Amino acid sequence: MKNNDRWKKTIKTLFARKVAMFSAVVVVLFILLAVFAPVIAPYDPNYADFASFLQGPSGTHLLGTDNYGRDVLSRIIYGTRVSLIIGVLAVMIACVIGTFFGMVAGYFGGIVDDVISRLMEAIRAIPQIILAMALTAVFGSGIRNLAIILGISSMAGYVRMMRGQVLTIKEADYIMAGKLQGNKDFRLMFKHILPNSISPIIVMMTQQVGSTILSEAGLSFLGLGISAPTASWGSMVSEGRLFLMQNPVFALTPGICVAVLVICLNMFGDGVRDALDPRLRGEV
Amino acid sequence: MEHLLEIKNIETCFKTDGQLVKAVDKVSMYINPGEIVGIVGESGSGKSVTMMSSLQLISSPGKVTGGEVYIQGNENNMLEYGPESEEMRHMRGGKVSMIFQEPMTSLNPVLTIGYQIQENIMEHLHLGKEEAKKRTIEMLKMVNIPDAEQRFDYYPQQFSGGMRQRIMIAMAMSSEPTILVADEATTALDVTTQAQLLEMIRDIAKKTNTAVFIVTHNLGIVARFAERIYVMYSGSVVEMTDAGRLFANPEHPYTRALLRAIPRLDDPRDRILIPIDGLPPNPATRPEYCPFYERCEYRMDKCKGMKKPELFELEPGHFAACHLTEEEKALKAAEIAGKELKKAPRIEAGEELCLEVKNVRKYFPIYKGMMRKKVGEVKAIEDINFKVRKGETLGIVGESGCGKTTLARCIMRVYRPEEGEIFFGGTDIANFSDKQLYPYRKRIAMIFQDPFSSLDPRQTAESIVGESLLLHKLVKNREEYEKKVDELFRIVGLDPALKYRVPHEFSGGQRQRIGIARALSSNPDMIICDEPISALDVSIQAQIINLLEELQAKLGLAYLFIAHDLAVVKHISNRILVMYLGRVVEIAECEELYRNTLHPYTKTLLSAVPVADPVVEAQRERVPIRGEVPSLTNRPSGCPFHDRCPHALDRCKKEVPMLKDTGNGHEVACFLYDK
């Protein structure tokens, strides 16, 4: 089978999965919302109109207003930006650092592996949300810090996966061939091992964006994430729950948004996994 | 019913990418009681699929689409019963038993072997538990498992590969089948074990009047064991006759070509292998006309105009599927014989040494427990001494676990030997660091066994071949690089236009050529070939052997040719080194080793290799083989071969014999030749 064919086949399988395609469309809609937020949002998300606070949905405010009189719809649209930026950024950080350490640990083995693996096990032993809470307490919140913190707290998974990948690929004859030709260790790692072990990492990345967004929402809900007045879905749910009686839409919509985006990202991730793995494609 | 089993015009299709591919195209076969029938063919020729189809063991996306199967004792076409029907279940296992290739995976690891055989007997012979156990032990004894009563409660992993295959045979025979199908049953085993097992199968078959199908790609095996042979090519039987006639008087051009392409143990030194050009057709795009047409030396224009030829009886009991008449074939044969054969160019090896290995020893530690305490050592290789001259080929043979690969890896310095010197071009590289080794990396290259795993699947052929050029700065600029890569492609007989493809777009033979081009790229003095052709089909092997010989003559390379196939090693090497359990037991010139074999182990090894000619086979002296290769962890004291050696002396148990020159450069490590 040709290499091009393989990619074509992967994409073809992906397109053939209706659930994955539907999820992809939803995710793309959210991305468009985030990118074009200033154009789409009807109001400034931080403009407080104290004259009309906690109103229900109406013609002027489609989803009503919050306790400061800010437009809920606009805040949700801007909140999409925060969620997606943190989700993607954190996953990139986790993937780059985790893949590198995993590769080093798997390739060199011995004491290097022991140190990296034990460290990662220590990180995994602490629940991610608690670890992230501790780190925000130290480094402070904000979009950049939150992305770094969530990235670091989820990188152990990449380390472990990459290490396992490298351990099997390292035994292949072509790696020995490369070594015998005089390749230096790092060249061997980046030129021969990395390209051959990347596909499960890609799958893991697509699946992790969702859970990272969920973590961010959780932290923001607890008041440890994005600080006011920046709109974030998690903090909106947190604020809105106090006013469920006055304007239930205020708390419910951001919650629904988190759920829909995370579910769609996960289902898309599953689709990518199926498409990349010939066994799940039903070929072998 | 005249035959025990008769398969008529069976047809099997596989559905891939929405396309129906005929893997087996109207194959007919039969077998009589007590008969041993060989089915030979290259991979993908449909030999296994034919057998599986007749037992309805084909799973989706495959489907048996036509044909009839009759077995004695049932009037009806067996294919009319469903695959899971009572009748089919009774046929499989009850009347027809199968032994598969992989002894490591065909036994259930969580059940004792006794239980597994006993279960089979209870199911098919309807015996009680106690009786079944008695019969199980009888069966184990029949396949020469020592201490059968105790071994009944052993688990599969407590047995070696050869032993497990014996157990599989015991299990297959336990239900008193009338037909035994051995599908490449000995391919994964060593030659001596293979010979032992096949002889045992033959004896059992003759004793119990069981018919046996031997399905294999090895022409030597069928020449030695089969009485009647089917030759398959691209999903069809192309020739069928008794073993003697097939080898003495092959009729189909494919059979003729095959016999000219394979090296034989009894070949003279200057035998020229004539490879079959091209590749077997892809079954998806197989033409309507004769599938062998594209590669056939005898082809005539009329072959292309006609449908695929049917089997035709040339003389009683000899069938071939070819459109040519006897006269046309004779004419063509004369024409082919008249063609000047391209003689494999050979150079005489110089006196200058390329590699000298002195007293090399490599042990691997065994660790146990939480603290990884060292509890012992695997003595992989010991006291290895040999020399390789420039432009010479030294063949290294031995069974699996004898340390061939460890030795190669010590020379390549993947491992650092515990002791000894490795002189390469006069410098001892045995204890060099990676940095010191760097300049030597380009001077010793390696060709690997498996062309599928030795090329990085994500790199283009061009970057695989050109990597060394860049690493060692052998080219000055991009232009020179491109030129050099193209040249390397041409040297190994590949079209440089294909260089931007990735490995899986090439066939096995082409990939091995890429591997060879990669080895040549750094302009090495020596190439270590670790089983370079054993993963290839027989018709492709000759192409690669010839290419290696040609390159040696052109570039003056020294080869260290490691293989378990003695015929191939003998064909290509100047000298041969025989290893047994980590030690060198004999080194000699090729002819000398074959004509004047000294070491008892070499004798058994040579006699175990089947020759693709029943006449020669019948005259050969058989050296009986005792036992199996012991594991390296409990190597016998003294001479490693003493417990299997028919000539063992008391001294052999205590002392280790050293290599001694007996004249003529023939060295042997055996006390029998001590003066």
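Are Phe30(A) and Trp233(A) buried or exposed? Both Phe30(A) and Trp233(A) are buried, where buried means under 20% relative accessible area, exposed over 50% and partly exposed in between, with a 1.4 Å probe and protein chains only. A word on ground rules: this is a predicted model, in which local features need pLDDT of at least 70, side-chain atom pairs count only at pLDDT 80 or more, and totals for chains, interfaces and linings use all residues. Residues are numbered from 1 along each chain as its sequence is written, chains are lettered from A and ligands numbered from 1 in the order in which they are written, and side-chain values use heavy atoms, leaving out hydrogens and water.

Now for the rings. Searching the whole structure turns up 17 aromatic pairs over all chains; rings of Phe, Tyr and Trp (its six-membered ring) pair if their centres lie within 6.5 Å, and planes under 30 degrees apart count as stacked, over 60 as edge-to-face and the rest as tilted. One of them is Phe30(A) with Trp233(A), edge-to-face at 5.8 Å centre to centre and 65° between the planes. Phe30(A) sits in helix 2 (residues 18-35) of chain A and Trp233(A) in helix 10 (residues 233-240) of chain A, so this pair ties together parts 203 residues apart in sequence. Helices here are DSSP runs (H or I, at least four residues), numbered from the N terminus.

Phe108(A) and Phe186(A) have ring centres 6.0 Å apart and planes at 50°, so they make a tilted pair. Phe108(A) is partly exposed at 35% relative accessibility, and Phe186(A) is partly exposed at 41%.

Conventions
Helix = DSSP H or I, 4+ residues; strand = E, 2+ residues; numbered from the N terminus.
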